[in-house]
Amino acid sequence: MTLLQRIRTGAGPEVPGLLAFLAVVILIFSLTADRFLSLANFGSIAYQLPELGLLTLAMLIPIISGGFNLAIIYTANMAGLTLAWVLNQNGGPEAGVWPFVYGSVLALGVGATAGAVMGAVIAYIGAHPILVSLAMMIFLRGLGEFLTRGGDISGFPDYLAFLGHGAVFGIPVPLILFLVCAVLWHILLTRTRHGFAARMIGSNLKATAYSGVHVKRTLVLIYTLSGVMCAIAGILMLARFNSVRVGHGEALLLVTVLACFLGGVDPFGGFGRVAPVVLALIVLQVLSSGLNLLGANQHLSTAVWGLFLVGVMILRWGAGKWKERQKRE
Amino acid sequence: MTSAPAIHLRHISKVFGGVKALQDVDFDVGMGEVHCLAGENGCGKSTLIKIITGVYQPEPGAEIEIFGQRYAQITPTVARKAGIAVIWQDLALFAEMTVAENIAFEAVLGNRPRRVRHAEMRRDATAALDRLGVHLDLDARLGTLPIAERQMVAIARALVGEARLIFMDEPTASLTQTETDALLSVVRTLSAQGVTVVFVSHRLAEVLEIANRVTVLRDGRLVGVYLAEGMTQTRLTELMTGKTFDQHVAAQDTAASEPVLEVQGLTRKGEFRDISFALRRGEVLGLTGLIGAGRTELAHVLFGMTRPDAGTVTLDGRPVRFRSNRDAVAAGIAYVSEDRLALGLIQPQSISDNAVLAVLKKITGGAGLLSDDRQEGLVAHWVRELGVKIGKPGDAMNTLSGGNQQKLVLAKWLATQPKVLILDCPTVGVDVGARAGIFRIVRDLAAQGLGILLISDEVTEVHFNADRILHMAGGRIVGEYDPRQTRVEELEAAVYA
Amino acid sequence: MRNFLRSYPSEAKLLVVLLILCTLLAFLTPDFLTLVNLTSLLNNNSVNVIWAVGLLVVLIAGGIDISFAVAASVVQYICVYVFAAIGGGNWAIGLIVAGGLGMSLGLINAFLIHQFRIISIVVTISTFNAFFGLLMFITSGRFLYNLPSWWSKAVYLWEKETPQGWADIRLPVAVMAVCMVATWFLIRHTTTGRQLYAFGDNPEGARRAGISIGLMQAIAFGWCGMMAGIAGLMQANITKEVVPMALIGRELDVLAAVVLGGARLGGGRGSILGCFLGVALVAVTQNGLNLLGVSPYAFKMVVGAIILLAISTSNLDLARLVTPRRKGRE
């Protein structure tokens with residue numbers, strides 16, 4: 001097996017293409033923006049990536065199972081609120097480490113609950129995931145705004161800066177957190193029965209059920225895990241911005257979907273891998289930081305992301321056509 | 001046949017990427033005739049239909065005459081104008097629209113927008129249904145109708161388009177016997193009105209019952225045209241496959257072995273009642289009856305998909321009560337569904353993943369994680385054991401032929417090491433040639449001590465392959481037969497009566 | 001009546017729920033059932049209804065559009081410059097320009113979907129990002145107040161003094177009515193409309209019957225875009241300013257309302273009445289909570305809970321509970 005084949009079978013057929021894209025993007029920016037190839041720039045990418053990355057992981061498994069989770073941002077916000085509330089109850093900036101620990105556990109519980117409720121409605125009632133998560137999103141947004149009256153909550157202990165801005169052996173802590181989560185997700189999808197079942201459910205729910213797989217339990221678990229991942233993202237967001245506001249990260253919702261599709265996840269479900277999605281996230285983040293150095297703002301990056309996805313989809317279409325013609329000849 | 005023929009084709013060839021799908025085929029259908037086009041999957045039947053309806057263009061040198069008129073080229077529009085309609089196996093109807101809208105669908109076609117004439121559409125729909133002698137609620141949503149009635153809608157739709165020649169692609173595949181009879185009588189009505197009907201069907205019995213003549217294709221070539229009268233099923237099978245099958249009764253005496261599955265007074269309201277039988281170890285127990293007799297419903301209860309209202313099921317002497325099919329699988333029951341495409345396999349996923357789906361626990365290694373080695377080993381074992389022809393284990397399921405797919409379904413369930421294997425119409429969509437291979441496996445499994453419940457609506461299939469036969473009708477078991485003491489004709493008479 | 005129940009089961013259910021809600025509110029608060037309140041409800045929700053009927057056409061054809069609300073913002077901005085360039089303009093020109101621009105944006109979606117066989121959710125999420133990013137980048141998020149006077153002035157079509165104050169109906173309501181009737185005529189009474197239903201219901205069947213797939217996508221997304229543009233024009237008439245961030249996020253609320261009204265993700269089903277009722281249910285709920293003195297922050301929470309509840313119960317088919325199980329297979 002050649003190296004290329006090894007990468008294709010191990011990480012997914014999209015990986016070489018995305019790597020090539022990444023190389024091209026880096027090349028172009030290093031020629032046009034002089035500060036692009038600097039440690040500071042890659043450092044800032046490394047701190048920005050995890051927030052979007054964790055939310056994308058939360059979006060990934062529902063899509064693979066043939067569904068969607070539109071409630072990820074507000075689930076993350078609610079989890080952040082929970083932790084913020086616990087910290088504030090325990091002295092705000094003076095809060096010790098212990099309240100942070102059980103506050104985080106509580107936050108994960110809130111995320112899991114929101115996910116489990118969605119999963120249960122989807123699995124046991126058979127409602128469309130887009131609708132269920134949309135309703136959950138509207139509900140959580142309302143609940144969050146009701147609780148915070150639309151304001152910010154801030155004033156957290158200093159040690160949280162380590163989680164948001166610290167580094168271990170020069171590697172940013174948020175990045176470590178994200179990579180650990182990505183590896184866990186990869187293992188979940190490729191090495192566990194539930195991950196296996198999630199892919200099968202994404203392709204054909206009924207046939208999976210006929211094969212003796214407990215599809216309802218798996219669906220509830222998928223959305224619960226998605227909620228837990230949102231909560232991790234929410235905790236990280238709290239640490240990075242030293243504040244919680246409902247609606248924070250709202251603009252990232254559709255970007256996570258974009259990153260999944262860019263990473264070759266099948267929009268109809270059944271197929272998707274963590275590695276190409278992580279690569280897609282890196283491409284998006286590098287694009288954004290390069291444009292930033294060239295003097296463009298985040299909004300131009302958003303536009304470029306959208307055009308980039310269209311471009312990639314057109315290339316995939318072209319590649320498919322080309323392969324078809326090759327086969328015919 | 002003195003008038004011009006409905007279809008007169010000469011030298012039809014079609015090549016797809018180097019593969020000759022059709023080679024110099026001639027095809028004639030007389031006016032008002034009921035003609036049958038027979039052949040195995042991949043013999044070129046559907047390619048031929050698609051050429052006549054203008055979906056594909058034939059290779060140069062072809063001569064096409066329809067209703068006495070020569071055509072240099074046929075497009076779908078030309079074909080429709082010439083009065084040709086196709087009723088596809090999936091019917092191509094619209095589930096959310098009403099019966100009237102479906103029948104008179106022609107009226108809303110065309111790229112230039114017009115006002116919809118609802119009243120006119122209803123009138124056309126009524127007229128078409130009257131011609132068929134069928135009564136349906138015009139305002140019912142199509143999706144709420146049973147398949148047989150949808151079929152009538154599809155035929156009526158062809159009539160609204162003034163079709164003089166109707167192709168029917170496997171029209172009886174999912175109809176009950178009564179429904180099939182109704183359909184056949186509608187076909188006769190059409191024929192009497194001068195409409196020509198070309199039937200494509202794998203159910204040989206009804207082919208011979210309805211058709212005037214049969215055209216047989218094999219491997220893209222014309223085998224011959226035969227009069228239906230005097231033709232036997234065995235002879236037709238030989239013509240289609242090019243092989244001779246000396247079918248003989250495989251039944252053996254298994255009365256000595258102890259029962260593995262016992263069913264006592266099993267009842268589910270509205271589906272079947274008071275079903276009692278015992279399946280012995282090493283026995284192939286045939287269960288036949290018409291569609292709608294309650295066979296699949298019974299299988300669903302035995303497999304734990306639905307729950308019975310009364311009665312007991314005993315497995316290996318212990319009473320069992322399944323809350324779901326997961327319990328049934330754990331207890332040692334496997335079920336090969338009749339709907340391989342939608343329920344038996346997950347078509348877009350890989351062969352390897354399909355094969356292990358029912359035994360994920362078995363490929364779980366240390367630390368509770370799935371092991372690639374175990375998965376590869378298991379897949380390789382069963383592919384070898386059952387002789388499944390595959391490319392790579394990572395290829396998508398839908399790259400396999402029907403017969404190989406069915407073998408893989410068997411492999412998937414055998415991996416669960418069942419005590420009882422329920423086969424629900426295991427040869428649907430499997431070539432006649434490949435069926436023998438499947439039944440060889442079934443025999444081997446029985447010899448290894450498995451109890452096998454073979455459900456089928458093809459009486460001959462059950463007769464030649466089962467050790468004992470139960471006849472089910474109207475939700476009850478109405479007879480038991482020993483294939484060694486019953487002639488297949490007697491059994492057919494009893495079931496199709 | 002029997003036919004209505006059978007053809008429009010979700011609409012009928014929604015109507016019953018809405019009537020119950022209205023009756024309750026009428027008893028609970030004297031302010032609900034007044035001309036002033038009802039007309040202001042209409043005025044304030046006309047834009048949502050225009051979007052909803054546009055989105056409905058896309059849903060019927062089996063697609064989904066995430067980009068329409070952002071497209072409406074883009075149309076608003078371009079309109080400001082177009083009107084300035086042509087020296088003012090009027091309502092007729094405004095409607096044509098806004099509708100035309102919106103339709104062009106919709107046709108971009110249709111082209112990408114059809115030409116490159118990309119599914120609509122991927123395309124419209126891309127164009128959502130592209131439209132919004134470019135709009136914010138080019139305008140730098142500036143608010144525009146210098147609208148032509150015909151555009152920013154409220155047009156009263158009808159007014160009446162009541163004990164609670166002036167009740168009035170404004171131009172957006174009339175435009176909403178025209179959009180509803182036009183869309184109703186399109187989907188119900190033209191052959192094109194029936195083809196849209198058929199295409200959403202069974203794309204392969206529609207293709208085999210000779211329906212032009214590209215044309216269907218163009219009509220569905222073009223119509224949705226046109227409605228989005230018109231809605232954008234009306235929105236600016238109500239708020240008297242153009243704000244780039246104002247409409248983003250509304251797409252999901254409108255989607256929820258349309259689906260609540262019986263349209264199906266996946267195509268083939270949905271009606272104008274359902275759209276209206278879906279938007280009305282959300283609007284009346286918020287309005288009722290407001291009149292009952294509930295904190296405005298709780299509105300959305302309750303609306304979300306109601307939609308979740310509606311979805312959870314929508315699969316409980318009353319007809320299935322009373323009729324016996326059909327014998328044999330489906």
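Colleague: Take chain A. What share of its contacts with a separation of 6 or more comes from residues 24 or more positions apart?
Modeller: Such residues account for 78% of those contacts in chain A. Keep in mind that this is a predicted model.

Colleague: How many helices and strands in chain A?
Modeller: Chain A has 14 helices and 4 strands. Its radius of gyration is 20 Å, close to the 20 Å from the globule rule for 329 residues, so chain A is as compact as a globular protein of that length.

Colleague: What does its C-alpha trace span along the principal axes?
Modeller: About 75 × 60 × 35 Å for chain A. Of the 329 residues, 57% are buried.

Colleague: Where do the charges sit, how many Å between the two centres?
Modeller: The centres lie 15 Å apart in chain A, for 20 positive and 11 negative side chains.

Colleague: Now the interface. How many residues of chain A are in contact with chain B?
Modeller: 22 residues of chain A, and they meet 30 residues of chain B. The two chains bury about 2200 Å² between them. Carbon and sulfur atoms give 62% of that area.

Colleague: Which residues of chain A lose the most area to chain B?
Modeller: A:Arg191, A:Arg193 and A:Tyr210. Together they make up 35% of what the chain A side buries.

Colleague: Over to chain B. How many helices and strands there?
Modeller: Chain B has 17 helices and 20 strands. The radius of gyration is 25 Å, close to the 23 Å that the globule rule gives for 497 residues, so chain B is as compact as a globular protein of that length. The C-alpha trace spans about 70 × 50 × 50 Å along its principal axes.

Colleague: How much of chain B is buried?
Modeller: 55% of its 497 residues. Chain B exposes about 20700 Å², and carbon and sulfur atoms supply 49% of that. On charge, 54 positive and 59 negative side chains have centres 4 Å apart.

Colleague: Pick a residue. Where is B:Thr53 found?
Modeller: In the chain B loop between α1 (45-52) and β4 (63-66).

Colleague: Buried or exposed, and why?
Modeller: Buried, because B:Thr53 has 8% relative accessibility and the cut-off for buried is under 20%.

Colleague: What does B:Thr53 touch, leaving out residues up to four places away in sequence?
Modeller: Its contacts include B:Ile74, B:Thr75, B:Pro76 and B:Ala79. B:Ile84, B:Val86 and B:Phe167 are also among them.

Colleague: And B:Arg117, buried or exposed?
Modeller: B:Arg117 counts as exposed, because its relative accessibility is 53% and exposed means over 50%. Its place is in the loop between α3 (99-103) and α4 (118-132) of chain B.

Colleague: How many Å separate the C-alpha atoms of B:Arg117 and B:Phe464?
Modeller: 56 Å, with the two residues 347 apart along the chain.

Colleague: Last topic, chain C. How many helices and strands?
Modeller: Chain C has 15 helices and 2 strands. With a radius of gyration of 21 Å, close to the 20 Å of the globule rule for 330 residues, it is as compact as a globular protein of that length.

Colleague: What share of chain C is buried?
Modeller: 56% of its 330 residues. Chain C exposes about 13800 Å², 67% of it from carbon and sulfur atoms. The mean positions of its 22 positive and 13 negative charges are 11 Å apart.

How values were computed:
Residues are numbered from 1 along each chain as its sequence is written. Chains are lettered from A and ligands numbered from 1 in the order in which they are written. This is a predicted model: local features need pLDDT of at least 70, side-chain atom pairs count only at pLDDT 80 or more; totals for chains, interfaces and linings use all residues. Side-chain values use heavy atoms; hydrogens and water are left out. The radius of gyration is taken over C-alpha atoms; the globule rule is 2.2 Å times the number of residues to the power 0.38. Buried means under 20% relative accessible area, exposed over 50%, partly exposed in between (1.4 Å probe, protein chains only). Accessible areas come from the Shrake-Rupley method with a 1.4 Å probe; for residues, only the protein chains shown count as cover. Lys and Arg count as positive and Asp and Glu as negative; His and the chain ends are not counted. The place of a charge is taken as NZ of Lys, CZ of Arg, CG of Asp or CD of Glu. Contact means heavy atoms within 4.5 Å. Buried area is the accessible area (1.4 Å probe) that two parts lose on being put together, summed over both.
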